[in-house]
Each structure stands twice: as structure tokens, then as C-alpha cells.
Amino acid sequence: GLSPQTRLYRSFFLDELGQDYVRTARAKGLTENRVLFKHVLRNAMIPIITNIGLALPSVFIGSFLIETFFSIPGLGREVLLANFDAVFSKDPRVVAFGEDLGNIGDVNQGFAGLQAKYGEVRISDTGIREATIAGQGIGLAMRGLRPIAEIQYLDYLLYALQILSDDLSTLHYRTKGGQKAPLIIRTRGHRLEGIWHSGSPMGVVINALRGMNILVPRNMTQAAGFYNTMLASDEPALIVECLNGYRLKEKLPSNAGEYRIPVGVPEIIQEGTDITVVSYGSTLRVIQESIKQLQQFSISVELIDVRSLVPFDIHHMIKASIQKTNRLLVVDEDVPGGASAFILQQILEVQQAFQYHCVAWQVSASRNPTHGNKPHLSEHLRDEARIHAVVLQVQQHRRQQLRQRRRRRVRTHNR
């Protein structure tokens, strides 16, 4: 006499994932199917879903809940979870706090179950108050703890920008090296779609937070390596995780909590000879799809992941690549003149890559999601066709330059 939806609830929560929770619920006398289901959800640390779960269609319950909230080996969020678990187990000075970080293990489950394991003192929830989250982190860091302060989304970092800029980034300089606050600000961005939680104000952040390490890993394995690196240092850092990367599959490292990613050192993801493409974060996956199309035109792309915006390419790896290709394309989710302008300035001016007669272009989000009042004007960089078209344009421009130089040499020779 049970409905198909109720039978789905029962079958789902009676498998290996839910047996412990079901036994606990029954021990408390909760035998009616829907009450049992609600109790299991609450104990599985999904209180947000609890209030609406009974009304959701069975297909949504069967796919979304299983994929998002329960253990599937190799997901990006599991890489972070394993790494944070290892870090908290070996260093009692590490604490973490933020909106929804404690009870539900953050909105993307990177801390799932860790509050129950390490206690509410070390892993705790806060109110919706980004400015005081930053201030709390600075105070803890100056007193010898190793805090990880979470700002739930990159868009909301702006609420804490004044404190991070005026108090954290400049502390070491203003005290002539007498004080340090090795605070890690954890946040997530580069969603590449949507009108909420989708901003990418990296140009603002780069220019406001000089004095902090600004790190932009492309996946959770890289992010975990940066957390390990910064926890071993005495410098403050902002680590921006990819918002659309938590459910992507990654290889689980066997040395969680130990491996480190060097700061200020880009990574060559793919070697090539025709053009150097420089980017970071989620846009790299878009570029990799575009490269597959460009291979049909026999265009060889060297793809470089910046990984660290501040400091930027301390060994001048990008300059060495441009010396080989003489062409540069910077791809960025920020607005035109944002982070891409900073990257071009670092490459062309600081590294002096201009001396290789470099043809430099940039592709960025064509409109600013925060300007205007029409949501459809927000146009994010998620179309590999745009990158494909610009690369072909760069190649054509380069060929025209070479033809013009040959003509000038011929005219000079004939004289």
C-alpha cells in the first residue's frame, strides 16, 4: 500500500549509505516512513533540504541527493574533505569558521562531518557578517592560531574588503615586520553562469589586496595543495575555489594534508608552438574544449595555468613560452580591463615579453554582471567558440605581420 515515492525513500535509505541513520531513528521510536525519512536527512547534515525534501519529485531525490551529498569516490569535494581532515588531525592550532561551515559542513560539503569529529570550537558556524569573519580571523592569526575563515562566495568578499585591505594585507609592512597574521581566506567563485553567486571581481581583489597571496586553483587537488602550502607559511592568503568543480571527478591524492603546490609558479597544462594561452580557474576547462577544435586547423596551443595571481610567475615561465610562440592570448572571466589587464601588464611590462614582437590579445566576459538592470545582459565566458574565433584571428594577424616584414625586407634588398 506504499506509494512509489515512499518506496523510493525506503529503498534509498535502507542501503549501505543510510543503515546507521535508520537504526538510530528506529531506536528513537520513529517508525513511520516519512518521519523516518525526515530524521535521516537531518542526521545526514542536510537541514536545508529537510524542509522541502518530502515535496521533491522522486527523480530529483534519486539523483541530486545521491550525487551531491553522499560519498562518491573521486569527487572534487572529497579531495578537499580528505585534506582538511588530515590537516585538522595533525595540527591542533588549525580552526575554521564561516557561514554554514560547521553543522552542514559548508554548502559544498568540503567540511562534511568534521565538526562532529573535531568539535564546535575548532569548526564553527558564523552569522551572515563577512566583515567580522575577516576581523575574527585576523585576531586569531595574530595570537598564534592558524585560522581558515570562509567567505561563502567570492561576490561577498567585497563586504570584507576594507578590513582585508587596510588591516590584513598591510600588517607586516606597517609594523616593519614586527607582526604577522597568517590568515587564510577561503572562498569560491568562477561559476561561469547565472546571475547569483557568479561574480568574478578579480581585478578589484588584485589591486585591493596587495600584500596577500591571491591563489586561483583550477581544481580541488590544486586547492588542497595551496592550503597545505599556506598553512606551512606565515603569510596571509586568499584561495578562490572553482564553484563548479566540487562535483567533478578527480584523483584522490594518497598523501592528503602533506603535498604542496608552490606559490607564484604557473603550470604548463599542454605544450604547443603556435600560440600561448594563459588563464586560471574554471575557464581552463573551456579552453581545453576549444583546443580540441583548433587541432582540426593544425594549430598547436601551449596552455598555461597561472594558478597564482599574486605573486605572479616568479620564474617568468610565460615569457619563455612567448619567446617560442610570439603570440599571447589571455582568457579571463573578469570584465575587460580586470584581471586580464593585470596579467598582460605583468607579462608584457614586468617580464618584458614585448621584445619578442608578441601579438597579445585577451578574451573576457563581455559584460559586467553588476552593471545594468537587465539580467540577460550578464554574459559569462563559457563558450569555447569565442576562444576558438579569437585564436584564429590572432593567427591571421600574425601571418599578415610576417608577410609585411618579408615585403619590407625585399624592398630594402632591391634598393
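This is a predicted model: local features need pLDDT of at least 70, side-chain atom pairs count only at pLDDT 80 or more; totals for chains, interfaces and linings use all residues.
1. If rings are paired when their centres lie within 6.5 Å, the count comes to seven aromatic pairs. For Phe88 and Phe111, the ring centres are 6.0 Å apart and the planes stand at 85°, so this pair is edge-to-face, the angle being over the 60 degrees that this class requires. Because Phe88 belongs to helix α6 (residues 76-90) while Phe111 sits in the loop between β1 (94-98) and α7 (114-118), the pair ties together parts that are 23 residues apart in sequence. Both residues also belong to one aromatic cluster, formed by Phe84, Phe88, Phe111, Tyr118 and Tyr227.

2. Thr126 lies in the loop between β2 (123-125) and α8 (130-142), and its relative accessibility of 14% puts it among the buried residues. Apart from neighbours within four places in sequence, Thr126 is in contact with Phe97, Gly98, Glu99 and Ile133.

3. In helix α9 (residues 161-168), the buried positions are Leu161, Ile163, Leu164 and Leu168. What do the buried residues of α9 pack against? Their packing partners are α8, α10 (171-174), β4 (184-189) and α11 (202-208).

4. Strand β9 (residues 301-305) is mostly covered, with five of its five residues buried. In a regular strand the side chains alternate between the two faces of the sheet. In β9 both faces are covered, with Val301, Leu303 and Asp305 buried on one side and Glu302 and Ile304 buried on the other.

5. Which strands are joined to β9, and in what sense? Strand β7 (residues 267-270) runs antiparallel to β9 and is joined to it by three bridges, with Gln270 standing opposite Leu303. Strand β8 (residues 275-279) pairs with β9 in the parallel sense over five bridges, and there Val277 has Leu303 as its bridge partner.

Technical notes:
Residues are numbered from 1 along each chain as its sequence is written. Side-chain values use heavy atoms; hydrogens and water are left out. Rings of Phe, Tyr and Trp (its six-membered ring) pair if their centres lie within 6.5 Å; planes under 30 degrees apart count as stacked, over 60 as edge-to-face and the rest as tilted. Helices (H or I, at least four residues) and strands (E, at least two) are DSSP runs, numbered from the N terminus. Buried means under 20% relative accessible area, exposed over 50%, partly exposed in between (1.4 Å probe, protein chains only). Contact means heavy atoms within 4.5 Å. Two strands pair if DSSP finds at least two bridges between them.
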